[in-house]
Amino acid sequence: MRFSGILTVTAATLALAHPGEKHDPAVLKRELRARDLQAIKARNALNSCSSTDDAVQLNQRNVARRAQTTRQLRKDRGITANPQKWRRDLAALEEWEAIDHNKTGILNYAPDTPEEEIFGGNTSAILSPTITDGPYYVWGEITRQDVREELYSEGVDVFLEVQYIDVNTCRPIPGAFVDIWNANATGIYSGIVATGNVAADEWDSTYLRGIQETNEDGIVTFQTIFPGHYDGRATHTHLLTHLNATVNRNNGTLEVGTGSVAHIGQLFWNEVLRTAVEETTPYNQNTQAITTNADDMWSIEQASDEYDPFPEYVYLGNGLDDGLFAWIQIGINASADYTDNSYYSIAAYYDEDGGHQNTDSSAFGGGGGGGGEMPSGAAPSGAMPSGEIPAGTAAPSA
């Protein structure tokens, strides 16, 4: 399918988002223009420091680490076959997908092929701007690297590395706490009961949600699955970044009311990869309508010459059954705080008593401005849900 290079963002388009999410189109357009200007300034700031010794050494570490991660993932999964060579027709993709993020075709390299040709892909100089967290953010996600659970997590495994870079210094941001969440293969978010999204186990469910702290190189890693689609949105993965938060050492979660929300973002996945995934089980059981990147309001808002919301990735083996390794760098302004921003909305809380709805959330008819009030004395719990966390064996009913 071919798309025109010019996309018109209409009021009707801007009115669409997650079910329950509403934003004023005129205000949204003004904020987009302001955000574009901020992205240009941040891009220039990154460019000015990208050749420093610290930035060069960081990139060298990135190349070595990503190559080693891929080798280790293949070894751990017993993959000996040559990776699938998979190319795509760039002319058939939207303008902002013109960068070929798929590195699979050159993974089967000769001994003298430099690893930086595969794993040196950087998006730190191409910003992911702050956008809505959607109405399905849950405070109190479990501190864990593997967010897959025994149930409702079946799908194509994705081993995701995210690196946060300060746009002012080109240095990594250690000690940030990063939330991740996405819909499962049939398009349902855990922890939410709302029109169009009734999770199995309802408010108490936690599948495909988790939080991790960035290391000294500003990196978090997650084991998740390729997200499923749902009506009205292109396929995407949510990220939210807390800085200077206080950790509850008893359970490893963030203390209520501490720190800032420095970045809210969504990662998008190109149409060719999404189409390949959708042909596999259980994605092919998803009966919801598919929205392309070209028709998604937030991917249009995220993508420009200044930022790139599409991760780089490689197939670990011959096909999707072996999983993907994906990585992205995100440049953020470490001094920003979106805690009181209308785009930051908490739909529910997960604590020692299980999941609870936030009735102030925009998803349920509330004002939705800022994060809303925490329940009195409710500190999110770090307790693991019952059962192990393998790849998962069951898909939920949509």
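How many helices and strands does the protein have?

1. Overall composition. The structure under review is a predicted model. In this model the protein has six helices and 15 strands. Of its 398 residues, 57% count as buried. Among contacts with a separation of 6 or more, 79% are made by residues 24 or more positions apart.

2. Geometry of helix H3. Helix H3 covers residues 53-76, a run of 24 residues. Just after H3, Gly 78 takes a positive phi of about 65°.

3. Buried positions of H3. The buried residues of this helix are Ala 55, Leu 58, Asn 62, Val 63, Arg 66, Ala 67, Thr 70, Leu 73 and Arg 74.

4. Thr 70 within H3. Thr 70 lies in helix H3 and has a relative accessible area of 3%; this value is under the 20% cut-off, so Thr 70 is classed as buried. A polar atom of the Thr 70 side chain lies 3.0 Å from the backbone oxygen of Arg 66.

5. Salt bridges around Asp 157. The structure holds eleven salt bridges. In one of them Asp 157 is joined to Arg 77, with the closest N and O atoms 3.1 Å apart. This pair links distant parts of the chain: Asp 157 belongs to strand E2 (residues 157-166), whereas Arg 77 sits in the loop between H3 and helix H4 (116-119), and the two are 80 residues apart. Asp 157 also forms a salt bridge with Arg 148, the closest N and O atoms being 3.0 Å apart.

6. The network and its accessibility. Which residues are linked with Asp 157 in a network of salt bridges? The network consists of Arg 77, Asp 146, Arg 148 and Asp 157. Asp 157 is buried, with a relative accessible area of 9%, and Arg 148 counts as buried at 7%. Arg 77, by contrast, has a relative accessible area of 31%; this falls between the cut-offs of 20% and 50%, and Arg 77 is therefore partly exposed.

7. Helix H5 and its surroundings. Helix H5 is mostly covered, with six of its eight residues buried. The buried positions are Glu 271, Leu 273, Arg 274, Ala 276, Val 277 and Glu 278. The buried residues of H5 pack against strand E12 (312-315) and strand E13. At the start of the helix, a side-chain oxygen of Asn 270 reaches to within 3.1 Å of the backbone nitrogen of Val 272.

8. The side chains of Glu 271 and Arg 274 meet in a salt bridge, at 2.8 Å from N to O. Why are the two residues separated by about one helical turn? They are three residues apart in helix H5 (residues 271-278), which accounts for that separation. Glu 271 counts as buried at 9% relative accessibility, and Arg 274 is likewise buried, with a relative accessible area of 8%.

9. A four-stranded sheet. Four strands form an open sheet in the order E6-E3-E8-E11, and the pairing is antiparallel. Its edge strands are strand E6 (209-213) and strand E11 (260-268), each of which pairs on one side only. Neighbouring strands of the sheet are turned by 20° against each other on average, direction ignored. Strand E3 (residues 177-181) pairs with E6 in the antiparallel sense over five bridges. Within this pairing, Ile 180 has Gly 210 of E6 as its bridge partner.

10. Ser 345. This residue is found in the loop between strand E13 (324-332) and strand E14 (346-351). Is Ser 345 buried or exposed? At 3% relative accessibility, Ser 345 counts as buried. The C-alpha atoms of Ser 345 and Trp 139 are separated by 9.8 Å, although the two residues are 206 residues apart along the chain.

Technical notes
Residues numbered from 1 in each chain as written. Predicted model: local features only at pLDDT ≥ 70, side-chain atom pairs only at ≥ 80, totals over all residues. Heavy atoms only, no water. Expected span 1.5 Å × (residues − 1). Buried < 20%, exposed > 50% of the residue type's maximum accessible area, 1.4 Å probe, protein only. Salt bridge = Lys/Arg side-chain N within 4 Å of Asp/Glu carboxyl O. Polar contact = N/O pair within 3.5 Å; in protein donor to acceptor, adjacent residues only side chain to side chain. Pairing = 2+ DSSP bridges. Axes fitted to C-alpha atoms, helices over the stretch in contact; angles between N-to-C directions. Contact = heavy atoms within 4.5 Å.
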